Structure formats: C-alpha cells, structure tokens
Amino acid sequence: MKVLEIKNLKKSYLSPEGERHDIVNVSFFSLGGGDQLALAGESGSGKTTFLNLIAGILKPDEGDVTLAGKHLPTLSEGQRDLLRAQSLGYIFQTFNLLQGYTALENVKLGMMFGRGVDASYATSLLDRVGLKARLNYLPRQMSVGQQQRVAVARALANHPKLVLADEPTGHLDPVRAMESLTLIRQICRENGAALLLVSHDKEILAKFERIENLSRINRVPAMTGSGGHKK
Amino acid sequence: MNLLEKLKNLIFLVKRSLKQHALSTMITVFSVALATGLTMAVFSIQHQTRGAFTGGRVGFDAVLGARGSQLQLVLNAVYQLETSPGNIPWALYEEVKKDPRVELAIPYAVGDNYFGYRIVGTTGDIFTRFEYQMGKHLEVMNGGRFFDPLQKEAVIGSFVAQKLGLKAGSTFKPYHGLFFDPSMQHEEVFQIVGVLKTTNTPSDRVIWIPIDDVYRMKGHVLRGTGKEYTAKQGVEIPDASKEVSAVMLKFHSPQAGFMLDQTINRQGKVATLAWPIGKVMAELFDKMGWVTKILTLVAYLVMLVAAGSILSSLYNTLNERRREFAILRSLGARRSTVFSAIVLEATAIAGMGSVVGYGVYLAIFSIAALVVRQQTGVVMDVIQFHPSLLSVPIGMTILGAVSGLVPAIKAYSTDVARNLDPLS
C-alpha cells in the first residue's frame with residue numbers, strides 16, 4: 001500500500017521583481033509503506049520545498065499529494081496540521097529542537113498535537129537512541145550528535161507512517177553521519193515507517209538500495225549557486 | 001485528544017515560555033502588580049476614607065460652634081485637623097445642654113498642643129456619658145483613671161501615648177497654639193493620670209484636660225462677656241466670661257437636629273450648627289470629587305500602560321520565537337494552538353501580576369492607613385472587602401488577555417516554511 005503518492009505537483013514563487021518562478025514540477029512520485037528512499041539533489045534543487053509540500057506545510061499551486069490515504073489539497077489547514085501530527089515525522093537538517101525544552105519534552109512535543117503524550121513511549125524512544133541518561137538535558141547541554149538523536153526520536157514519537165529527513169546528517173562529521181543514518185533507518189524499520197531522505201552527500205546516498213535523483217523527477221532545472229530557488 | 005488534554009498542552013507550552021523568558025516575565029508581572037495594586041488601593045482607600053469620615057461613627061450628631069463654616073467646625077472639633085473658627089459663649093453651651101431635644105452636650109476648649117497633638121479642655125462627661133460607638137465609652141488602661149477636674153491632670157489617647165512615649169505618671173507642659181512651636185511652651189505642668197484604650201477614632205490622638213485648666217493657663221484670655229477676662233488663682237471663673245470652641249452634641253432624635261438647624265443656622269446669627277456631621281463631611285468629599293475622578297482616571301491609565309507592557313514584552317519576543325512557532329507548527333500544532341498559547345501567556349502574566357498586586361495593594365493601603373491614622377486618628381481596615389478587590393484583578397486579567405491578541409495574531413500568521421530550516 002502506498003503511503004505517499006504525488007501527481008502533477010507544481011509550486012512556484014513570486015520573486016521580489018514580480019516574476020513567477022517555478023520551483024517544483026513533479027509529474028509522479030510514490031512511496032510504499034515501509035519503503036526507504038534516498039532523494040539526491042543539489043543545493044537549490046527544491047528539496048526542502050518538495051518535502052514541505054509533502055508535509056502539508058506548503059500548499060501546492062497544482063497537483064495532488066496523497067499522504068496516508070488523505071488527499072492533502074482537499075484538506076483544510078487544520079486537517080493538514082492534524083495529519084502531520086498523526087502520520088508524519090520530520091527530521092530537519094538543523095534538527096529544530098526547541099531550546100527551552102529538555103530532550104524528553106522535545107520528544108513529547110512530537111506527540112502533543114497528534115494522539116496525545118505517552119511519556120513512557122517517549123522515554124523508550126530516547127532510550128532506543130542511546131539517550132536514556134540525557135532525558136532532562138536541554139539541547140544546548142548536548143553534543144550535536146545527541147541533539148540529532150533527539151530529533152530522530154521526536155520524528156518517530158507519533159508513530160508516523162512516513163518520516164521525512166532533510167539533509168539529516170548535514171551537520172555531522174562523516175563517522176557520526178554514518179552512525180546517525182544507520183540509526184534513522186533502523187528505527188524507521190522497527191517502527192514500520194517509510195523513510196524519504198534527501199541529501200546531496202554521495203556516501204549517504206550510497207547506503208540506500210533505492211535512490212532517486214530529484215533533478216530527474218522534478219522538471220524544473222536547479223538554480224546554480226547556493227541557497228537560491230530554481231527558475 | 002480531548003479539550004482537557006489540549007488545555008494541559010497549552011499550559012505546558014505557556015509555562016515553558018514564561019520560564020524561558022523569565023526576566024521579561026518578571027518585569028511585566030511586576031508592572032501589572034503595581035497597576036492592579038495601585039488601582040485597588042485607590043478604590044478601596046477612597047471608599048474607606050469616605051466611609052470613615054462620612055459614616056457618622058464619631059459618637060456625636062452635631063457640632064455647635066462659632067458662626068462660620070460647618071466644615072471647618074467639624075474638621076476642627078471632630079478630626080482635630082483645622083483651626084478653630086472662633087469661640088461661643090459658655091451660656092450657649094448651657095442653653096443647648098438644657099434643651100430637652102439634646103441628649104448630650106460636651107464643651108470643648110481648644111488652643112493648645114503638645115508636640116502637635118491637640119489638647120482639648122472638656123468635662124468629665126467625655127468619659128462617663130460619651131459613647132464613641134453604640135454602648136462603648138472611653139476607658140482607661142490598667143493603672144489609670146480619668147482626670148480630676150480640679151487638678152492639673154490629663155488623660156491621653158493611646159496613639160499619643162504610643163507616639164510620644166507617655167504613660168500614666170508622666171508630666172508635660174503644653175504648648176500654645178494648635179500647631180507645635182517650641183517657643184510657645186506654657187509654664188503649667190500637667191500630670192497624666194490615664195491612657196485611654198484604643199478606640200480607632202480621632203479620640204486616640206487627643207490629650208484631654210479639665211476645661212477650667214484651659215481657661216486658667218497663663219496667657220489665655222476669656223472674652224465671653226465681650227471684655228477680656230484673665231482667670232486668677234483660687235478665684236472661680238464667672239460663667240459669663242467663659243468661652244468654648246465647640247459643643248459636641250448628641251440628639252434624642254434626628255428631628256431635633258433638623259429643628260435646631262432651623263433655629264441656629266437659619267434664624268440665629270450667633271453660632272453655627274454643623275449637622276449632621278456625616279453630611280458635612282460628605283459635602284467635602286463631593287467638592288473633592290474631581291480629585292477622586294482624576295485618581296481613578298490615573299489608575300485606569302496605569303492599568304492600560306500595564307496591559308501595554310504585556311503587549312510589548314510579548315511582541316518583542318516574537319521575532320526570536322517565530323522559529324519556535326514554526327517548529328511547533330511543523331510538529332502539527334494548529335495556528336489556533338499557537339494563537340491560544342500567546343493569549344493564554346498574556347492572560348497568565350496578567351493573572352500572576354494581579355495576584356502579586358494584592359501584595360502591592362496591602363503595602364500601599366498600609367502606608368495610606370498609617371498616614372490617615374497619624375493625621376486624623378481614623379483607622380482604615382486593610383482587609384475590609386471592597387468590590388474592586390475582585391473586579392480590578394479580573395478586569396486586569398481580561399485586559400491582559402486582550403493585549404495578547406496583537407502578538408497572538410502575529411504568531412498566528414507565522415510562515416512555517418520561511419521560519420524553519422534554510423531552503424536546500
């Protein structure tokens with residue numbers, strides 16, 4: 001059964017000069033339950049926008065995204081929020097942990113807006129990622145690697161059907177990056193969650209059985225240079 | 001997820017945010033506390049002072065004195081605040097005392113002080129017949145007694161005793177005039193024979209001496225007959241020469257006050273009857289109504305400023321919190337959750353400020369009560385309930401919630417994608 005299906009998805013931005021620039025134009029993309037797919041893409045290829053469209057954070061200009069059986073374009077913003085809270089886990093490049101909250105509280109936040117907080121499950125997740133002794137540590141009291149593991153635990157906290165990982169190892173050294181990738185993949189597998197990971201790191205990509213190039217599925221050419229949008 | 005769980009989550013988010021911005025939270029809470037405390041104090045002090053000065057709990061119905069202002073008469077004779085408007089002949093006191101409509105008439109002769117505390121010459125009736133409250137007479141503390149009208153003795157109010165460190169057995173020399181001037185000391189020595197139990201009335205601030213001793217004090221001149229008369233040692237003072245500053249009156253019925261008001265104030269030309277005392281004081285408060293209005297307006301403005309401080313403190317943290325809101329939204333928090341969290345945070349700050357405001361209220365009220373007691377002897381009750389003690393904190397909390405709307409709307413409209421990671 002497909003956990004994600006995308007058809008004719010389009011997203012464009014209006015530039016400050018008033019010109020409209022396409023950033024995502026994907027005719028078809030799908031992911032089965034429990035699948036693990038690496039999406040390769042250079043900087044500026046629209047990876048984050050693509051993931052945000054899947055997550056329902058951004059609304060597409062056109063096309064259809066079906067996530068866990070729900071058609072995102074037909075859902076209201078509140079319904080999309082709820083779907084994200086109940087069916088999706090998101091691991092960000094910079095982890096996006098809330099600084100005023102402990103590791104355990106950050107994981108609980110991942111549960112709060114969905115099915116509700118389950119403290120023992122949150123603890124067990126942190127235990128699983130090797131942070132049992134760091135439950136009450138604030139992000140600034142932990143190493144980058146530990147913070148990333150909290151982010152992984154948080155992404156899995158709501159029993160998601162799909163985990164989106166946006167350059168999750170971008171801030172780690174190669175050794176830590178590989179360890180972290182293994183952990184993410186293992187935990188997704190253990191929890192029955194599909195994984196869609198985007199990265200431009202060849203070594204990371206090489207660990208996946210299935211790799212898709214964003215430039216192949218996205219018919220908008222990537223912008224050259226760093227951090228820009230596509231034309 | 002049920003409503004209770006949603007509320008629990010909101011409270012969790014708000015508690016964390018307040019803790020994270022502890023310093024600005026504390027400053028804002030303090031400003032709200034000042035505003036609520038001040039506003040409650042303004043309302044409560046206004047209410048209690050008006051009640052204390054107009055409520056008629058002074059034990060007398062009226063004051064008879066020299067022709068002039070009723071207000072001056074009351075302030076001078078009852079609250080020992082003003083100068084005396086002049087004297088009236090002793091005969092008038094005798095006349096009114098014999099009036100069947102008058103239950104009690106007590107003469108006061110003022111004109112001296114001891115370190116600023118009024119010395120009032122009077123008769124023993126003040127101790128035996130005067131009731132400062134229904135059924136309550138002035139009483140001396142253990143080891144004391146009332147003065148002997150033939151001796152240079154004094155009975156002092158408890159506040160005077162406490163402030164000047166005087167007790168039964170102490171002696172003092174009065175100072176001439178109603179206000180303390182060290183160069184105006186009389187030669188006569190008075191012995192204190194009793195300290196009165198606290199009455200929480202202006203009597204606590206009075207030094208009582210026999211009225212004849214006022215007449216006989218060196219330098220005092222009596223003009224009851226129109227001619228000057230100086231009292232001589234061992235010679236009885238003729239009643240015709242005697243004068244009194246005021247006669248404190250209690251009537252058998254309110255009709256008596258009405259009739260005497262007609263006789264003395266409207267038809268007579270010799271004296272003034274200040275009746276009823278509460279009404280005379282109420283007129284003072286009515287005249288001062290504009291001050292009350294200004295104070296009230298200032299209090300409301302301070303509350304508005306406090307609400308503004310909540311708004312600005314939340315608004316100022318919004319920029320740094322945009323990312324936090326975006327993360328929460330990415331985790332599935334609805335716009336309404338973020339909006340509610342901000343409004344609840346503003347409400348919590350206002351609520352905490354209102355609670356702390358009770359402490360501020362107690363402090364302001366206690367200081368005000370101390371000043372009022374020192375100046376007038378009137379005691380205000382800090383724990384006496386006034387509706388503002390509920391309405392102001394509730395109003396402030398609502399105002400706080402409203403002030404949270406602007407930052408909440410701003411947080412509501414946070415662009416999630418733009419405030420998360422940089423695009424890649």
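**Exercise 1: polar links**

Find how many residue pairs are in polar contact across the interface of chain A and chain B.

Solution. Step 1: the rule finds nine such residue pairs, both residues at pLDDT 80 or more. A polar contact is a pair of N or O atoms within 3.5 Å; within protein, one must be able to donate a hydrogen and the other to accept it, and residues adjacent in sequence count only if both atoms are side-chain atoms. Step 2: sort the side of chain A that touches chain B by class, which gives 12 nonpolar, 18 polar and eight charged residues. Here Ala, Val, Leu, Ile, Met, Phe, Trp, Tyr, Cys and Pro count as nonpolar, Asp, Glu, Lys and Arg as charged, and the others, Gly among them, as polar.

This is a predicted model, where local features need pLDDT of at least 70, side-chain atom pairs count only at pLDDT 80 or more, and totals for chains, interfaces and linings use all residues. Residues are numbered from 1 along each chain as its sequence is written, chains are lettered from A and ligands numbered from 1 in the order in which they are written, and side-chain values use heavy atoms, leaving out hydrogens and water.

**Exercise 2: salt bridges**

Count the salt bridges between chain A and chain B, then locate one.

Solution. Step 1: there are four (side-chain nitrogen of Lys or Arg within 4 Å of a carboxyl oxygen of Asp or Glu). Step 2: one salt bridge joins the side chains of Glu77(A) and Arg335(B), at 2.5 Å from N to O.

**Exercise 3: contact size**

State how many residues each chain brings to the contact.

Solution. Step 1: chain A gives 38 residues and chain B gives 26 residues (heavy atoms within 4.5 Å).
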